[in-house]
Amino acid sequence: MMTGHVHIIGAGLAGLSSAVRLVERGVPVTIYEAAPFAGGRCRTFHDPRLGRDVDNGNHLMLSGNTSAAAYLDLIGARAKMRMAPAAAFDFFDVADGDRWRVAMNDGPVPWWVTRRTSRIPGTRLMDYVKGIGLALAAKGSTVAEAVRDRGPLWTRFWEPLTLAVLNTTPERGSAPLLWRAMSETFAKGGAKSRPMFAPDGLGRALVDPAVDHLRAAGAQIHFGHALKGVTNAADRLTDLHFTNGHAFPVAANDRVILALPPTRLKAALPWIEVPQDNAAILNAHFVVNDPAELETVAPVTGLINTTTHWAFVRGDVVSLTVSAADRLGVMDKAPDDLIPLLWAETAQALNLSGGYKTARVNKERRATIDQSPAEAAKRPSARTPLENLVLAGDATDTGLPATIEGAIRSGETAAQLAA
């Protein structure tokens with residue numbers, strides 16, 4: 001076991017995950033975060049316009065996300081997540097008004113696809129069998145190349161799944177990355193595919209308890225510390241330099257974990273190759289006039305043939321997600337044009353007639369990395385040429401897409417290497 005100190009740059013989920021694992025081993029930890037808060041792209045904040053606490057982005061966790069589950073246990077926050085009793089997912093197709101629920105059986109054999117009454121409307125059993133192409137996809141292939149079918153299953157399953165998991169279109173998204181996510185969840189049956197929700201917000205479940213846990217364990221957390229650059233001599237990193245003028249030497253027995261998004265990582269380590277991190281997501285939040293209308297609405301609904309892809313319900317707020325918003329030409333639209341369009345789709349999909357009190361649009365221009373085969377190949381390893389420097393973050397080569405599970409697992413790996 002190491003006898004030095006670990007300096008972690010970045011208090012997003014990857015950095016927090018690293019820190020939690022290290023303090024569990026008794027390793028002293030200091031975290032440096034550029035923002036005045038922890039969580040990075042996964043946080044809960046109070047929006048004065050809405051008068052509500054909202055998440056800066058909508059994320060769907062599943063029961064098969066083993067790293068996230070272990071992390072929740074370590075920080076004592078498992079009770080802050082609510083698991084659905086079954087792997088059931090509601091959908092609405094605005095084009096023809098079809099509504100359906102995909103209800104998966106718990107076992108690994110997908111009996112639900114063998115019954116016409118439980119399959120996605122318009123699909124046949126052989127449509128699902130053809131999906132084996134994803135599991136056999138070559139390293140550089142896209143989802144569109146791996147899955148050849150273009151029938152109803154394409155529009156009502158493969159397309160929305162790719163947008164949700166990879167934040168890009170099937171024509172661009174990496175097939176192996178999508179399969180890796182599926183192999184740990186949907187491919188293992190309903191027991192590993194049950195949705196998990198944070199009733200009080202993802203930040204309250206994944207971030208705040210981690211910060212409290214770390215502080216109780218003696219970890220130091222410095223906010224307002226944006227990394228400017230590093231100094232290295234030979235094969236070791238020797239100093240950390242921050243934009244606020246602070247500099248910290250890295251002692252001989254110390255380790256450093258950089259848990260930064262690609263753009264900031266590249267600025268600190270110009271010699272490293274990283275994928276582009278300019279894939280955008282657009283979120284919109286609506287406070288409804290009549291909360292009673294939402295009492296029978298599913299916590300999450302997939303929307304087909306719409307601008308919106310997913311609608312999440314929490315309390316009297318409906319939060320919408322438009323994945324791959326840059327690729328689909330949504331990011332350049334003004335909020336005043338988007339809000340009526342998005343609400344019209346939502347009201348139709350969720351059967352809402354009471355209108356809304358207020359709304360806002362949130363555009364995340366750097367929500368995830370570009371998860372095309374070419375850019376995914378640029379994901380750096382957790383190991384670096386510097387013997388005391390380790391990388392973490394969902395942009396590192398975890399094998400998983402850039403998701404909450406990927407970020408937390410990267411932290412596990414970084415902690416193991418650093419310790």
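The points that follow are grouped by topic.

This is a predicted model, in which local features need pLDDT of at least 70, side-chain atom pairs count only at pLDDT 80 or more, and totals for chains, interfaces and linings use all residues. Residues are numbered from 1 along each chain as its sequence is written, and side-chain values use heavy atoms, with hydrogens and water left out.

**Aromatic contacts**

- Eleven aromatic pairs are found in a search of the whole structure; rings of Phe, Tyr and Trp (its six-membered ring) pair if their centres lie within 6.5 Å, and planes under 30 degrees apart count as stacked, over 60 as edge-to-face and the rest as tilted.
- One of these is the edge-to-face pair of Phe-157 and Trp-158, with 4.9 Å from centre to centre and 75 degrees between the planes.
- Phe-157 is partly exposed at a relative accessible area of 21%, whereas Trp-158 is buried at 5% (buried means under 20% relative accessible area, exposed over 50%, partly exposed in between, with a 1.4 Å probe and protein chains only).
- Phe-242 and Phe-248 also form an edge-to-face pair, because their ring centres are 5.6 Å apart and their planes lie at 80 degrees.
- Phe-242 is buried at 3% relative accessibility, while Phe-248 is partly exposed at 23%.
- Tyr-32, Phe-242 and Phe-248 are linked into a cluster by ring pairs.
- Arg-150 lies over the face of Trp-154, 3.7 Å from the ring centre (a charge sits over a ring if NZ of Lys or CZ of Arg is within 6 Å of the ring centre and within 35 degrees of the ring normal).

**Second largest pocket**

- The second largest pocket has a volume of about 680 Å³; a pocket is an open set of points on a 1 Å grid over the protein atoms alone, where a 1.4 Å probe fits, with protein on both sides within 12 Å along at least five of seven lines.
- Its lining comprises 35 residues, of which Phe-197, Pro-299, Val-300, Val-313 and Arg-314 are the closest to the centre; lining residues have an atom within 4 Å of a point.
- Strand S4 (52-55) is among the strands that each supply at least two lining residues, and S4 gives the most, with four residues (strands are DSSP runs of E, at least two residues, numbered from the N terminus).

- Strand S3 (residues 44-47) pairs with S4 in the antiparallel sense over four bridges; two strands pair if DSSP finds at least two bridges between them.
- Phe-45 stands opposite Val-54 in S4.
- Four residues lie between the strands of this hairpin, where Gly-51 takes a positive phi near 70 degrees.

Methods
Points joined across faces, edges and corners; volume = space filled by probe spheres on them.
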